[in-house]
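Visitor: I'd like to learn how to read a structure like this one. Could you walk me through a few features?

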Amino acid sequence: MRNFLARRLRVAAGVLLGFLSGIVELAMTLVSGLWLLATLGRSADASRGEPRILAAARWWSELQRRRMALCYGTGTAERTAPLTGMPALSYVATRWTVGMLGGVVLLAAVVGAGYASLLVWGWFLAADLDDWALTVAPSAFAGLFLLFLCIQGVHAVALMDEQLARHFLSPSDRQSMERRIGELAKSRAGVVEAVHDERRRIERDLHDGVQQRLVALGMLLGRARRVPDPDKAAELLRQAHEESQQALKELRDVAWRVYPAALDEGGLAAALESVAERAAIPVRLACTLRDTPPPTAQAVAYFVAAEAVTNAVKHSGADHVTVRADLTDTLLRLRVEDDGRGGADPSGSGLLGLTRRVAALDGTLTVASPAGGPTVITAELPCV
């Protein structure tokens with residue numbers, strides 16, 4: 001109930017600010033009309049820059065977007081494009097009507113509230129019960145009804161305000177397409193770079209780990225064949241057996257990091273359990289998936305969790321890590337939090353590679369790691 005009232009008050013405050021803005025916009029509309037008459041629609045000289053009236057309209061439109069985002073709690077400011085030229089001026093020249101309408105609704109609400117308050121203090125105006133029933137009570141109930149209508153009207157004015165902003169300030173289909181093409185090109189380049197980084201990491205792991213083990217194994221077996229002492233040969237064979245076990249273990253680890261078989265066998269929950277089991281520090285796991293996410297989303301979520309846990313073990317000095325995964329509607333959300341020293345760099349090679357992986361699915365990766373900790377890595381992956 002408290003949140004509902006707080007939201008209603010914010011919307012009313014937004015409508016009130018919109019009414020005050022409408023007064024300014026009316027003046028700007030008159031000035032812009034005179035400017036249009038003076039220029040007769042001629043385009044401005046590009047060498048002299050943008051006309052001041054257009055720059056003022058752009059600035060004012062941006063201010064209105066922020067007002068709506070703050071008071072109405074909508075993403076209008078994020079869904080619209082940077083303004084240029086006449087669209088902003090057209091918005092300003094139209095929006096003042098909605099602002100004035102909001103002022104009328106708020107004034108009517110004040111009048112309705114005043115008459116509705118007669119239910120509390122109207123007894124003192126009535127000389128007797130007949131006066132109360134015939135004059136005060138009808139006025140009070142009419143004011144209460146007017147107040148109810150105005151509350152709905154304030155919400156309607158806020159919706160009109162948002163729709164008007166989307167109509168004038170939203171990017172055109174061509175701009176949206178160009179921006180989307182740019183995003184896809186950037187994400188594609190990021191995926192290619194992430195694949196190259198992954199290949200280099202796998203090559204490094206094989207060269208520095210498994211290959212060295214196999215070289216040592218070959219040398220031990222060669223020495224065991226050449227040595228004449230049976231006891232020394234047996235000792236060399238024992239060392240060779242240990243090296244083969246270590247090489248097999250490292251090879252399994254490399255294969256697991258490439259793609260864990262648990263993802264195909266048991267899904268994301270099983271893969272995250274394997275991450276917790278392999279970690280050198282305690283990992284608390286909370287995985288609540290009512291439905292099964294797409295395989296690509298599960299794979300990206302797994303790699304984010306594995307990399308985040310590995311970084312926590314190697315660099316943060318954390319005592320424990322918490323991994324939470326949940327699926328709401330069509331969004332898979334993964335949150336990894338550790339109690340380490342913080343200071344993780346989102347532009348580092350590991351986290352940058354994860355950002356590229358997530359961006360390839362039109363997802364977002366956020367890293368919050370203040371000095372002193374904790375470090376919180378959140379990945380949101382659409383599942384459509």
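Guide: Let's begin with a cut-off we'll need later: a residue is buried under 20% relative accessible area, exposed over 50%, and partly exposed in between. Keep in mind that this is a predicted model.

Visitor: Okay, let me try that cut-off. Is glutamate 380 buried, exposed or partly exposed?

Guide: Glutamate 380 has 26% relative accessibility, so it counts as partly exposed. Its side chain meets that of arginine 333 in a salt bridge, 3.2 Å from N to O. This pair links distant parts of the chain, with glutamate 380 in strand β5 and arginine 333 in strand β3, 47 residues apart.

Visitor: And which side chain does aspartate 326 meet in a salt bridge?

Guide: Arginine 333 again: the two side chains meet at 3.5 Å, N to O. Arginine 333 is itself partly exposed, with a relative accessible area of 26%. Aspartate 326 also stands opposite arginine 333 in β3.

Visitor: How should I read strand pairing in general?

Guide: Strands of a sheet pair through backbone hydrogen bonds, either parallel or antiparallel. Here, strand β2 (residues 321–328) and strand β3 (residues 331–338) run antiparallel, joined by eight bridges.

Visitor: What is the strand order in the sheet?

Guide: The order is β1-β2-β3-β5-β4, in an open sheet of five strands with mixed pairing. At the edges sit β1 (283–288) and β4 (364–368), each pairing on one side only. On average, neighbouring strands are turned by 10° against each other, direction ignored.

Visitor: Which helix lies across those strands?

Guide: That's α10 (residues 295–316), which lies across β1, β2, β3, β4 and β5 (375–382) and runs at about 5° to β3.

Visitor: What about two helices packed together?

Guide: Two packed helices are described by the angle between their axes and the distance between the axes. Take helix α1 (residues 2–39) and helix α2 (residues 52–71): their axes come within 10 Å and cross at roughly 170°. Angles over 145 degrees count as roughly antiparallel, and α1 and α2 are therefore roughly antiparallel to each other. Their contact has 14 nonpolar, five polar and three charged residues.

Visitor: Back to salt bridges: how many are there in the whole structure?

Guide: A search finds nine. One of them joins glutamate 337 to arginine 335, with the closest N and O atoms 3.3 Å apart. Salt bridges can share partners too: that is how Glu25, Arg67, Arg95 and Asp161 are joined into one network.

Technical notes:
Residues numbered from 1 in each chain as written. Predicted model: local features only at pLDDT ≥ 70, side-chain atom pairs only at ≥ 80, totals over all residues. Heavy atoms only, no water. Axes fitted to C-alpha atoms, helices over the stretch in contact; angles between N-to-C directions. Helix = DSSP H or I, 4+ residues; strand = E, 2+ residues; numbered from the N terminus. Parallel < 35°, antiparallel > 145°, perpendicular 65-115°, else oblique. Nonpolar A, V, L, I, M, F, W, Y, C, P; charged D, E, K, R; others polar. Pairing = 2+ DSSP bridges. Contact = heavy atoms within 4.5 Å. Salt bridge = Lys/Arg side-chain N within 4 Å of Asp/Glu carboxyl O. Buried < 20%, exposed > 50% of the residue type's maximum accessible area, 1.4 Å probe, protein only.
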